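Trainee: I would like a close look at a single part of this model. Please take me through it step by step.

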Amino acid sequence: MSIQIIGLVQARTNSSRLPKKVLAEIEGKPLIWHIVNRLRQVEKITKVVISTTNNDTDKQLCEFAESENIPYYAGSQDDILDRLYQTGKKFNSPILVKVNGDCPLIDPTTISAGLDLYLRAQQTPDLVVNTITDTFPDGTQFGIFNVQTLCTLWSQIQDKFWREFIYMYMIENQDKFEIINMKNSKDLSSLRWVVDYPEDLEYVRQIYKNLYHKNPNFTTLDVLSLLEERPELIQINAKYVANASKQEYNSLKKKHESH
């Protein structure tokens with residue numbers, strides 16, 4: 001029997017910088033619809049689901065999922081460990097392929113390569129990522145989680161901070177886990193493809209406008225070719241740095257440790 005591998009889009013609507021960005025329109029469809037669709041192109045993924053919160057603010061997201069027949073789980077906003085664990089449990093999957101709801105330029109070919117690393121490993125990994133050393137564009141990150149490991153951590157970790165930043169907890173305690181980091185052949189980490197601000201949304205809309213109708217499943221290579229032809233596009237959101245979320249995390253961690 002083949003194993004059930006769930007593609008999981010972690011999303012909520014009450015983003016402080018760009019509220020409801022996950023439902024913002026790109027080429028006639030909500031941003032999150034495109035992420036779900038791109039994740040569905042990963043051959044080994046058996047089902048793509050949305051993992052959101054049970055806050056009133058996310059009712060609209062749940063209604064969207066229902067209208068599009070996208071399975072979903074709605075749980076805790078801040079306890080990400082619980083949300084991931086409960087999503088894996090609800091859909092009875094030993095493997096979760098997680099992407100964030102603000103990454104409409106995720107590349108199915110990159111994620112497929114990550115899944116191959118997971119499935120071919122001699123010892124079943126706890127986590128496969130492409131972010132321990134940043135070499136991919138910001139906004140093409142993924143994490144492939146072993147649900148059994150999440151189950152163990154779910155019962156072990158009490159600290160609210162680490163339950164929210166479970167991904168970073170595992171990376172910061174690499175010696176305790178079997179983690180595979182996937183590197184890109186070329187360092188593209190200075191490219192910002194994540195949607196946090198109106199300028200990011202405009203940037204992504206321009207990428208889609210130029211590529212989507214020729215090939216809805218365009219890849220990172222297609223985006224890079226477009227940027228070579230149209231370097232001015234990079235200026236749209238150039239005032240924001242790539243991988244700012246890591247800096248944010250580090251300052252929150254310092255605050256947590258000082259308490």
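Trainee: Which residues are buried in helix 2 (residues 59-67)?

Mentor: First, the ground rules. This is a predicted model: local features need pLDDT of at least 70, side-chain atom pairs count only at pLDDT 80 or more, and totals for chains, interfaces and linings use all residues. Residues are numbered from 1 along each chain as its sequence is written, and side-chain values use heavy atoms, with hydrogens and water left out.

Now the helix. Helices here are DSSP runs of H or I with at least four residues, strands are runs of E with at least two, and both are numbered from the N terminus. In helix 2, the buried residues are L61, C62, F64 and A65. Buried means under 20% relative accessible area, with a 1.4 Å probe and protein chains only.

Look down the axis of helix 2. The buried residues fall within an arc of 155°, so they line one face of the helix. That arc is taken from the directions from the helix axis to the C-beta atoms.

What does the buried set pack against? Its partners are strand 3 (29-30), helix 1 (31-39), strand 4 (47-53) and strand 5 (72-75). Contact means heavy atoms within 4.5 Å.

Just after helix 2, N69 has a positive phi of about 55°.

R163 is buried, at a relative accessible area of 11%. A polar atom of the R163 side chain lies 2.6 Å from the backbone oxygen of I157.

How values were computed: Buried < 20%, exposed > 50% of the residue type's maximum accessible area, 1.4 Å probe, protein only. Polar contact = N/O pair within 3.5 Å; in protein donor to acceptor, adjacent residues only side chain to side chain.
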